[in-house]
Amino acid sequence: MASSLALSQWRPLGNFKRIAQILPGLLLLAAVGYAGKFLERSFSAYGKAHHLTLPNIEYVLWAIVIGLVIANTTGVPAAFKPGLATYEFWLKAGIVLLGSRFLLGDVLKLGGISLVLVAIEIALSLLFMTALGRAFGLKPKLTTLLAVGSSICGVSAIIATKGAIDADDEDSSFAIAAILALGAIALFIFPLVGRWLGMSDQAYGLWAGLGIDNTAEVTAAGALYSDAAAKVAVLAKTARNAMIGFVVLGYALYWARKEGTEGVGNKAAFLWAKFPKFVLGFLVISAVATAHVFSKDQLTSLANLSRWAFLLTFAGVGLRTNIAEMRKQGLRPFVVGALGEVAIAFLTLGLVFGAEKLLR
Amino acid sequence: MTRQLDSRTENEKPAASKFSLDAWAVTLALVLSILVWIGWIKHIPW
């Protein structure tokens, strides 16, 4: 979320000025991410050297915590913000590269199961969030944004829906703040609950992919549990992301009819415009890897490239979270979002336990 | 963050480039994959 200024202006292969703008923040992402990796190794080495039983704290958690501390103490100077905003770019590139670690058959099987669960989750979440928004007297469009943000894919879905239903900037700011704050909380709670329930990597990954809103937080929550859980979490979230166009189209048509404004013209073009293209990249790489185009060493290199890309993302998750600024956005949208998230977490947990036999 | 959130809405404005962020991310990942495949990138450590 950091510096959207940045996100909107940032285009790779732009002129040198843009590259110079991005560089400080990118270096900060790399420094924080690498510091996380360094601390993980050092902490573990210290425990071994002194014969201490220390918990294995993964680089993911270190990177997020270091980022959170910086963002909420010294703050992030404006010069770093354009580069910080690239965390989303690295996330998507990392997901595409992660495709090399999946056989296409597994993608289709797990993706198919995920899609069915996602459809159920989206339908129930939208209904529940809409009812909750009405009960708390939130503005209808703010309720729509919160419902979309919590049922599909967080900030991207809110931004896409905002444009489609012509919602206020203020409403989208409230919804984004609530969804981001709740995502940050879920990131820490999901792994704890997963461990407490003794969930398998697959079941936990599926739960995180269905229950947490933002893709970056899903990836981090999966990686905090295990490498295998992160893979499944990203796949389930990718299936969820693929549904964004349909839900946004549905809301665009609903609001156009309700307000008597011009509806969506070419629906296929609308769906394509909203479809997250990195899903296609993920499938292409997975298909190529399934065809044994890459050697074992090459697959390891691609997997490591994906890890480096995620390292920058995890640093960005911490650095973009400003707790003081989130507080300013008001309590009611946050309460509605929080109640909705808890309900969605229970709902998706039930769905995952129900589908667990299919996962084996 | 208010400024940050507000400025997110900039995303709704027509982009200067026809390539979206997603498309650039996919392009980078595919280029890296090709470089690994043809052997230009030999080994990526972790």
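**View 1. Confidence along chain A.** Chain A has a mean pLDDT of 83, with 92% of its residues at 70 or more; pLDDT is the predictor's confidence in each residue, from 0 to 100. This is a predicted model, in which local features need pLDDT of at least 70, side-chain atom pairs count only at pLDDT 80 or more, and totals for chains, interfaces and linings use all residues. Residues are numbered from 1 along each chain as its sequence is written, while chains are lettered from A and ligands numbered from 1 in the order in which they are written. Take care with residues 1-8 of chain A, where pLDDT stays under 50. For that stretch the model has 38 contacts beyond four places in sequence, a contact being two C-beta atoms, placed from the backbone, within 7 Å.

**View 2. The largest nonpolar core.** Here we look at 122 residues, joined as a set of buried Ala, Val, Leu, Ile, Met, Phe, Trp, Tyr and Cys residues through C-beta atoms within 7 Å. Buried means 20 or more other C-beta atoms within 10 Å of a residue's own, exposed means 12 or fewer, and partly exposed lies in between. Among the residues with the most contacts inside the core are A:V96, A:L97 and B:A25. Helix α9 (residues 169-197) of chain A gives the most to this core, namely 13 residues; helices are DSSP runs of H or I, at least four residues long, numbered from the N terminus. Beyond four places in sequence, A:V96 touches residues of both chains, including A:F278, A:I285, B:A25 and B:A29.

**View 3. Helix α2 against helix α16 in chain A.** Helices α2 (residues 16-49) and α16 (residues 296-319) pack at about 105°, their axes 8 Å apart. Axes are lines fitted to C-alpha atoms over the stretch in contact, and angles run from 0 to 180 degrees between N-to-C directions. The pair is therefore roughly perpendicular, a label for 65 to 115 degrees. Look for A:L29, A:A30 and A:G33 among the contact residues of α2, and A:L311, A:L312 and A:A315 among those of α16.

**View 4. A:L312 up close.** This residue of helix α16 is buried because 25 other C-beta atoms lie within 10 Å. Leaving aside neighbours within four places in sequence, its contacts are A:L29, A:A30, A:G33, A:Y87 and A:W90.

**View 5. The loop residue A:H292.** A:H292 is found between α15 (278-290) and α16 of chain A. Its phi is positive, about 60°, although it is not a glycine. A:H292 counts as exposed because it has 9 C-beta neighbours inside 10 Å.

Terms used:
Helices (H or I, at least four residues) and strands (E, at least two) are DSSP runs, numbered from the N terminus. Angles under 35 degrees count as roughly parallel, over 145 as roughly antiparallel, 65 to 115 as roughly perpendicular and the rest as oblique.
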